[in-house]
Structure formats: structure tokens, C-alpha cells
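Me: I have a structure open and would like to go through it with you. Shall we begin with a local detail and then widen the view?

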Amino acid sequence: MNHEIGRVVTITPNPAIDISYHVAGITAGASHRVESPISRAGGKGLNVARVVHQLGYPVLALATAGGATGAEIATDLIASGVPHRLVPVAGETRRSIALVDTVGGETSIFNERGKPLEPAEWQALAAVVVESLESGNRTGVIVASGSLPPGAPADFYPAIVRLAHDAGIPAVVDTSGPAIIAAARAGADLLKPNHHELLEATGESDLEAAAKRLIGEGAKTVLVSAGAEGMLAFHHAAPGGYWSARLPEALSGNPTGAGDAAVAAAAVVLAAGNPDIQTMLRKATAWSAAAVLMPAAGEISPLYADLEQQLILNWKETP
């Protein structure tokens, strides 16, 4: 265990049991014979925590859990060894199904929306976050990730950012839609959308303009997964352009946990007190690529260090 950095605390308000089927070719409307799926506790924040734990850094995963699916999450997290605290809720925890086409190279994902939480359950989750900051273990960064269940407080992610800043630590938010704008306005230290989420949330048609919009709203750093272009990094202190990082050739595999692995890398860098944008971008891009090589989200290939050495970094000036 690496105790030189502060603990990474992840928050997953809408976790899921992730079920991944690997299929040798998918034909719409046809019947397919498959092997037993990989089934594990998931949701963006739990995936981040798994990767941080895999690489030996201190972590604490906070999440809700309800019903039979919630019990599965608890059992799986205990088996994984990932330090965690689960907030019991009345609603059944959702499921997420990934169909990985090993022939076509495409992955289709079906995400249940999740059940609404009661006001008292939101309060219990917030209390657990506060307790994690007040515990004897030094927290180095808070990561709040994923979709919110229906009826969630509009200020949930901004409140997490404020809690982190009140404690003197950075806040990372990985979400989509109006919530990402709200997190930017709260001054999130890092936002991590993919290019589709970024354009949809901002209403812009250009990635650069969309990322700069989030910076203008108050975000310190924006990391964007941009497909063939690799990873882009925009920083409030460098308004004249942005950094990009990519591998010489794209990797094939399962991309479902790639963004979460990138967040895990960025969180580890921030928890170590190193806000250097190039270091963050290198690690985030390499860990993201290493996640593509794995069969399910929440883990990365041991090749991550080799992949980091292959990266091509460029600075692009913008008007």
C-alpha cells in the first residue's frame, strides 16, 4: 500500500451491478449463445476505487446499496478488498449490462436509471462523506462520479465540491448533463467528460469551445476523452491552448471502464499534491488505454507503464 499520498475518497450515489457479456458477433433480432457473464459491483465511482486499489494507493469507496442487488454489491466489494462504506437505501440498486462484440469491436451498454432516494437517504450519504473527511485517515482528493438517480438534489455535486474545498482538498467530478455545468460553477478542480457528454452538456458543436466554456464557468481543469484524438487537457492557467495525448495506434477491446481509469489516474496525481497538467494527462491517458485491454470495467492491464512511454503529447495553441 502506498501511504505517501492522501486517500482517494470516491462517491457513487447511483451504483450498479455491472454485467458484461462477451459475444462473438451480434445480429439484431437473433438469438445468441454466450458464456456466463462477468458480474461485479460497479458504477463510475466504484470502478475508480477498484483501479486505485489495484495499484496500491489508499482509497475509500462510498456508495448507496439497496435490495438484493445492493446485497450483491456488498458481497462483491468485501471479496474485492476495496475499502468501502455503503449507505442502506430502500430502493433496489440498479443493473448495467454491457454487450461486448468481440468480432465487430463494438460495445453496447444498457443502463437502468436507478430508483429515487428518500431525503433521509441523501442526508445519510452526505453524513458519510463528512465522516470520511473527519476520520483519522488523511484524505487527499474527493471523486464524485456517475449519474444521479431520479429526483436527486440539484446541488448534490456542487455541495460535494464545497465540502472538499472547505476541507482544503481538490474535488473531481465525472458526470454528464446539467450536473457537469453545476459542478463547473462550483469550482470543481477537475471535470472528466467524454466528447459526447461535453458537447451535449454545453450545447456547443466544437470541443475546444465546449471545454473552454466549462473553464469559463469555474472549473480548474477539464480532461476530455476524444476518441481517435486521444485525451485532451484544458487548464484555467493556460487559456491559449490545450494539451493532447494519444497512442500511436488505437487499441481494441472493451472501453466501458476507460473513462473511470482516467479519473483514477488523475485522482492519484491530485492526492499526491501534484497538479502538473502534463503528468496528469500522461497517467490518465495510459491508464485509460490499459483499461480497454481488460474484459470488464474497474481494472487496468499491467501494461499501463509501457503504454505511458508510448504516448505522443502535443500542445495546440488556440485563438
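Predicted model: local features only at pLDDT ≥ 70, side-chain atom pairs only at ≥ 80, totals over all residues.

Me: Which residues of helix α5 are buried?
Reply: The helix spans residues 178–185, and Ala179, Ile180, Ile181, Ala183 and Ala184 are buried there.

Me: And what covers the buried residues of α5?
Reply: The cover includes the helices α4 (156–166), α6 (195–202) and α7 (207–217), together with the strands β9 (171–174) and β10 (190–191).

Me: Staying with α7, is Arg213 buried or partly exposed?
Reply: Arg213, which lies in helix α7, has a relative accessible area of 27%. Buried means under 20% and exposed means over 50%, so Arg213 is partly exposed.

Me: What does Arg213 touch?
Reply: Setting aside residues up to four places away in sequence, Arg213 touches Ile181, Arg185 and Thr202. Ile181 is one of the buried residues of α5.

Me: How far is Arg213 from Glu112?
Reply: Their C-alpha atoms are separated by 30 Å, and the two residues are 101 apart along the chain.

Me: Let us change topic. How many residues has the largest nonpolar core, and which have the most contacts inside it?
Reply: The largest nonpolar core has 51 residues. Val8, Val52, Leu223, Trp287 and Ile300 have the most contacts inside it.

Me: Which helices and strands each supply at least two residues of this core?
Reply: The helices are α1 (44–54), α2 (67–80), α8 (258–271) and α9 (277–292), and the strands are β2 (16–23), β4 (59–65), β8 (139–145) and β12 (231–235). Helix α8 gives the most, with 11 residues.

Me: What else lies apart from that core?
Reply: Another core, of 42 residues, lies apart from it; Leu60, Ile181, Ala183 and Leu191 are among its members. In soluble globular proteins, nonpolar side chains tend to be buried together.

Me: Back to Leu223: what is it in contact with?
Reply: Beyond its neighbours within four places in sequence, the contacts of Leu223 include Leu190, Leu191, Met231, Ala266, Met280 and Ala284.

Me: Is Ala284 buried or exposed?
Reply: Ala284 lies in helix α9. Its relative accessible area is 0%, so Ala284 is buried. Not counting residues up to four places away in sequence, Ala284 touches Leu223, Met231, Ala262 and Ala265.

Me: Then Glu308: buried or exposed?
Reply: Glu308 is found in helix α10 (residues 304–310). Its relative accessibility is 15%, and therefore Glu308 counts as buried. Apart from residues up to four places away in sequence, Glu308 touches Arg282, Lys283 and Ala286.

Me: Now the whole protein. How many helices and strands are there?
Reply: The protein has 10 helices and 14 strands. Its radius of gyration is 19 Å, close to the 20 Å that the globule rule gives for 319 residues, so the protein is as compact as a globular protein of that length.

Me: What share of the residues is buried, and what of the accessible surface?
Reply: Of the 319 residues, 52% count as buried. The accessible surface comes to about 13,900 Å², and 52% of that surface belongs to carbon and sulfur atoms.

Key. Residues numbered from 1 in each chain as written. Heavy atoms only, no water. Core = buried A, V, L, I, M, F, W, Y, C linked by side-chain atoms within 4.5 Å. Buried < 20%, exposed > 50% of the residue type's maximum accessible area, 1.4 Å probe, protein only. Helix = DSSP H or I, 4+ residues; strand = E, 2+ residues; numbered from the N terminus. Contact = heavy atoms within 4.5 Å. Rg over C-alpha atoms; globule rule 2.2 N^0.38 Å. Areas by Shrake-Rupley, 256 points an atom, 1.4 Å probe, with all protein chains shown as cover.
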